[in-house]
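The structure is shown first, and the account follows it.

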Amino acid sequence: VLKKGQFGFLDVNERTISVDDYAIENYLAWRTGRLIFEDLTLAQVCTQLNRLYEIQCSFEKEAIRDLRLTANFSNDSLEKTLSVISLSLKIDYTEEGSRVHWRENKDDV
């Protein structure tokens, strides 16, 4: 049962249903071209990016999953979106096909 401000997502491949109550405005991002993240963890951001760009994220360390992001994107490519996230959170990433791996910034280690 969904409450106001929530939406359900059916993953046909995994045969699961998820309920989200964060970043509800991104549900129609595929039509509007706008992505808005307000104090979301990188893991939550990746869930939204997965739905829009069909990517899967992995994380070098658990702490990277929990980094928080506030950002607003408008009609940006995946590459630009990932670059801005990387710069904002001061982390690096590698992209291989439909997989994005987030890791510590080597300059900060």
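Helices here are DSSP runs of H or I of at least four residues, numbered from the N terminus. The model is a predicted one, and just after helix 4, K90 takes a positive phi of about 55°.

Helix 4 comprises the 12 residues 78-89, which at 1.5 Å a residue should span 16 Å, and the distance of 16 Å between its end C-alpha atoms agrees with that expectation. Its buried residues are L78, T81, L82, I85, S86 and L89. Because these residues cover an arc of only 135° around the axis, they lie on the same side of helix 4. An α-helix has 3.6 residues a turn, so residues three or four places apart point the same way. The buried residues of helix 4 pack against helix 2 (42-53), strand 5 (68-74), strand 6 (91-96) and strand 7 (99-104).

Three strands form an open sheet in the order 4-7-6, with mixed pairing. Strand 4 (56-59) and strand 6 stand at the edges and have a single partner strand each, so one side of each is left without a neighbour in the sheet. From one strand to the next, the twist averages 25°. Between strand 4 and strand 7 the pairing is parallel and runs over four bridges, and Q56 has R99 of strand 7 as its bridge partner.

Two helices lie across strands of this sheet, as set out below.

| Helix | Lies across | Running angle |
|---|---|---|
| Helix 2 | strand 4, strand 6 and strand 7 | about 160° to strand 4 |
| Helix 4 | strand 6 and strand 7 | about 155° to strand 6 |

How values were computed. Residues are numbered from 1 along each chain as its sequence is written. This is a predicted model: local features need pLDDT of at least 70, side-chain atom pairs count only at pLDDT 80 or more; totals for chains, interfaces and linings use all residues. Side-chain values use heavy atoms; hydrogens and water are left out. The expected span of a helix is 1.5 Å times one less than its number of residues. Buried means under 20% relative accessible area, exposed over 50%, partly exposed in between (1.4 Å probe, protein chains only). The arc is that of the directions from the helix axis to the C-beta atoms. Contact means heavy atoms within 4.5 Å. Two strands pair if DSSP finds at least two bridges between them. Axes are lines fitted to C-alpha atoms, for helices over the stretch in contact, and angles run from 0 to 180 degrees between N-to-C directions.
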